[in-house]
Amino acid sequence: MRTGGWYGCPVAAACVVLAAVAGAAGLLVGAEYGPRETQARSAFAVTLRHYGVDAREIERSLAIPLEDALASAPGACGVSSSSEYGKARVVVHFSTGTDSGSACESVRDAAERIYQTLPSSVQRPELGSTSEGRGPVWVAAVYSGSHSITELGSLLERTVKPALEKIAGAGEVELAGSGLPEVMVEVDQSAAALLGVDAGEVARFLAMNDALMPAGILRSDGRQIVVVADGRYSGASTLRNALIPSSSGQPVTLGSFCSIIEGHRKPETLSRVNGQPAMTVAVNPGGGANLPALSRAIAYEVESLATAHGIRFEVLSDVGAEVARSFGSTISATFQGALAVAVATALLVGSGSLRSGNRVRFVAMAAVPVVLVVSAALLSALGFGLDRHVLAGLAVGLGVSVDAAILAAERLGNAASVRGGVRAMRELAPSLASGSATTLVVLVPLAGLDFLSEGVARVAAAIAAVCIVSFLYTVLIMPPLMLGGSPGNNDACVQGVSRRKRGRRRLHRLLALNALLCGRKPRIPLVAAVILSIAGFVSVLSMPLETRVVEEENIVYAQLEFEPGSAASSVDLRLADYAEAILARAGLKSIQSTARRGSGSVAVSFDATKTDRDQIAAALRGVPLSSGFVWIPGSSKGERSWELVVSGDDDASCRNLCSLAAQAVSALPFIVETVLNYKDGPPDLILHPDRNRAASLALGFSSLATALRTSIHGPVAYKRLGDDGETDVRVTVQRSGFPESSDALSTLVLSSQGGVQVASFTQAERRADASRINRRDRQRVASLTMRSGPIDPRAVRAAVLAAVSGIELPPGYTFEFDREAIEAASRLRGAGWSFLLAAAFACMVVAAVTESFGAPVAVFSALPPSLAVPALLLAASGAAMDATVACAFVAVSGMVVNASVLTVDERRHQGARSPATVYDLYSLMRARFGALAATSGTTVAGALPFLFLADSGSSMVRSLAFVSAAGTAASFLMALVIIPALASIAPALFHGCVHSECPSRKGSQT
């Protein structure tokens, strides 16, 4: 006859386990693996291009209207813009919780609404999800042996770029070295003037006649017929024969006084790879993108494009692949940690038990894979992707939670029957529940710190899942598997069990010496603990605050600034020399340079096994650069960057105030370098009309401006709609080479007296203007960046604001020190309150379970010195107190008390109210040493593999593992020293209002 109910059904329990594992495996097959791009960076960017228009006009006509439209989108919480020659880029952030699909539609509608009001020469808006603060996740050079440069550029613009933009998770796609396809109509000014035609008239006539327009719907015999007016010129050859009206009344062919050239616009950016010209494509991540999945999708797409079009992609940088490799190492560390926990479990249970040691050991070891797999599946079902934070939480939580399996195996292994096992679990279950509750309650404030360091909530969820699944496995599954098949009632057999052998004599002597010290001189260990706690607190306060996540990917970006107005071709040649100067350095993989008007950028990828970011940055700064300077944005381990922003109404005033501020802060002793994040534009040629002369010629100023823009820039007259898409048609004036100042003054304008030169009715002057205008929160801003060593941002802010306090600000103008850094520093303070809240919650749980306010004091007396050990080690290594370290301390605060809980539980079980004798303390330590070693050893074993992860993306994981391992190891020692000393000097702490056996965690009695 079956006894013990469920505890007497081992087959049913085994089937439940197998079914749970099978269901979990099915869920894990479809789970999302790998990290997502942080949502804190998620934003949408809209780019509008209006070639040939200066920054101030771009701001007025494009940036401000687009800002106004995007700011009114539902959920928009911040808008910033950058306006430069020919281009406006507006970035809009949405508040947390805004649906990304709705946000994208709002941005698209706003951009299209503004675009419909703009001139036809403005390019269509480029809309994309973006991850602010991160560079491209995938960069490649594109080559072809079968396509010409023009054909390859067209292929990139019309096929490759749209294909990559459609990939799920992809953001903006940037091309360098290629230009938009276009048809250039170059007008011979002299010939056109004789015909009474100018370039503007040619542009208007072509735009009016080269059109495809719907004309309506007809009905015929019950059918609807769509009428389309198709006046398109089929190509450049047809344009040459287009008839243009002249002053003589006879139409003339366009080709008789114009050259029609079909090709590509000269690229605004020129690119090189290892010093050689190349076309490059860069893919930026969208907000929330899964980087490994994005990398795989890009690889699949480019392979398809390469095969279909006969091109070759040479990958220069693939952050997604690097993250995937890093994630693979995290998975490996997770399995290594699980294996270490399983091995530790096998060594710590089974020997000396009444029933078969192999059976007990096997069931306890099975807890490791079962709990790990089921917990991972539970998290996946709840919508958590299995990224490195979740894996770290699983491994660290597994080391803590398997303690319950070890303690249960110890009790159940010594039960002589099912009834005895039932009694044992009735005594142990409250202890296990209180232990799990202590850990879970700490996770509540920890989960609230996700705003501080993204990923913390996922770590907390993973630890919580492991705790819950482990508790259920221990209470519901282990008893029937261990007790099933036992005799109905054989309690007497327990007396015949040989007791587990103790450790070596040396260990016993150490425990005896420790008991002697704690019993006769308890103040010595207590004072030492207080000193250690104070030292740990001081070390935490002395650690420099790190408010930014240091991106240490295997690529370094450098910004190079040259004299204002430097042509892109000139910058390109200088970048080629610059790249050649560092190309031979050991450890470099590739150097990709991008040249722009007046500036350029260099991306250097390197082998992390041969060099590091700081060495590459030093090499880049060490290359001489004539008429320019090098700036490397971002932070590294040894340096920090800070921003000071001046906001106001006038950009020139903001720049002037920013220059004064740069002079003031450069004198600060901790500032290594100061860089202005702006520069004046090149000296513009300003033409003022002689209005009397213009009036005598019957010329308006708009006619002059139109003629100049057509002659010098050659704006887009219209967009030709062909079978292959839109093609810009530009109309300009024939000349050899790039336009010069003399070309502007010699431009012919049709007047009442025929063609006259611009110089005959204008006056010229040179005047510098802004090269770029930045706006933030609807105000113009100018900023400077300061580089320093690791230092508290609050101290930097105080020193910087004191340095600029003597600068007089006009009404409405303000200085603001690095908003992001100060907000992060303020959030770090919240980690301290969360730590106190976590400790308070855990104290309440212990007090409620023990019916004592003294027991929590005894339990948590070991917490400060235990956490002081990792704090001192981190401070000694020069580590900074960043969000990951702060969150790790909060997470571990509920774990390190487990050892002291066991020790306090044993002293309460002894039941004496008088101060503990030396023998009592010796018995206490001998009774609990095995359980302490088991609970601490499995936690340390689960955390150790994560300490050896080398990639920068695992900083949160490494911090959690280090604090967990060091704090738990320290708590093992503190439980053997501090709790016995308190039992000797303050016995009242160990007794509650109702004197009974404490339902805290228990191990075996010896």
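Tutor: In this predicted model, buried residues make up 52% of the 1006 residues in the protein. The protein exposes about 43000 Å², of which carbon and sulfur atoms supply 58%. Its secondary structure consists of 29 helices and 33 strands.

Student: How many of the contacts with a separation of 6 or more join residues 24 or more positions apart?

Tutor: Such residues account for 79% of those contacts.

Student: Why is Thr 710 called buried?

Tutor: Buried means under 20% relative accessible area. Thr 710 has a relative accessibility of 8%, so it counts as buried. Leaving aside its neighbours within four places in sequence, Thr 710 is in contact with Ala 199, Gly 200, Pro 715, Val 731, Thr 732 and Val 733.

Student: What makes Ser 593 buried?

Tutor: The relative accessible area of Ser 593 is 2%, and the cut-off is under 20%, so Ser 593 is buried. Ser 593 lies in strand β19 (residues 588-596). Not counting residues up to four places away in sequence, Ser 593 touches Leu 270, Ser 271, Arg 272, Leu 575, Ser 601 and Val 602.

Student: Which residues of helix α14 are buried, and what puts them on the same side of the helix?

Tutor: The buried residues of α14 are His 508, Leu 511, Asn 514, Ala 515 and Cys 518. They cover an arc of only 125° around the axis, and therefore lie on the same side of α14. The face turned away from that buried side carries the exposed residues Arg 505, Arg 506, Arg 509, Leu 510, Leu 513 and Arg 520.

Student: How does the reach of α14 compare with the expected value?

Tutor: Helix α14 (residues 505-520) has 16 residues, and its first and last C-alpha atoms are 22 Å apart, close to the 22 Å expected at 1.5 Å a residue.

Student: Which residues form the nonpolar patch on the surface, and what qualifies Leu 476 by its accessible area?

Tutor: The patch is formed by Trp 6, Val 16, Ile 468, Leu 472 and Leu 476, with about 410 Å² of accessible area together. Helix α13 (residues 456-483) supplies the largest share, three residues, and Leu 476 is found in this helix. A patch residue needs over 30% relative accessible area; Leu 476 has 41%, so it passes that cut-off while being partly exposed.

Student: Why is Ala 698 called exposed, and why is Arg 778 called partly exposed?

Tutor: Exposed means over 50%, and Ala 698 has a relative accessible area of 59%, so Ala 698 is exposed. Arg 778 has 40%, which lies between the 20% and 50% limits, so Arg 778 counts as partly exposed.

Student: How do you know that Glu 59 and Arg 780 form a salt bridge?

Tutor: A salt bridge requires a side-chain nitrogen of Lys or Arg within 4 Å of a carboxyl oxygen of Asp or Glu. The N to O distance between Arg 780 and Glu 59 is 2.5 Å, so the pair meets the criterion. This pair links distant parts of the chain, with Glu 59 in helix α2 (residues 55-71) and Arg 780 in strand β31, 721 residues apart. Both Glu 59 and Arg 780 are buried.

Student: Which network of salt bridges includes Glu 59 and Arg 780?

Tutor: The network links Arg 56, Glu 59, Glu 67, Asp 68, Asp 651, Arg 655, Arg 775, Arg 778 and Arg 780. The structure holds 24 salt bridges.

Terms used:
Residues are numbered from 1 along each chain as its sequence is written. This is a predicted model: local features need pLDDT of at least 70, side-chain atom pairs count only at pLDDT 80 or more; totals for chains, interfaces and linings use all residues. Side-chain values use heavy atoms; hydrogens and water are left out. Helices (H or I, at least four residues) and strands (E, at least two) are DSSP runs, numbered from the N terminus. The expected span of a helix is 1.5 Å times one less than its number of residues. Buried means under 20% relative accessible area, exposed over 50%, partly exposed in between (1.4 Å probe, protein chains only). The arc is that of the directions from the helix axis to the C-beta atoms. Patches are made of residues with over 30% relative accessible area and no salt bridge: like charges are joined within 9 Å, nonpolar side chains (Val, Leu, Ile, Met, Phe, Trp, Tyr) within 5 Å. Accessible areas come from the Shrake-Rupley method with a 1.4 Å probe; for residues, only the protein chains shown count as cover. Contact means heavy atoms within 4.5 Å.
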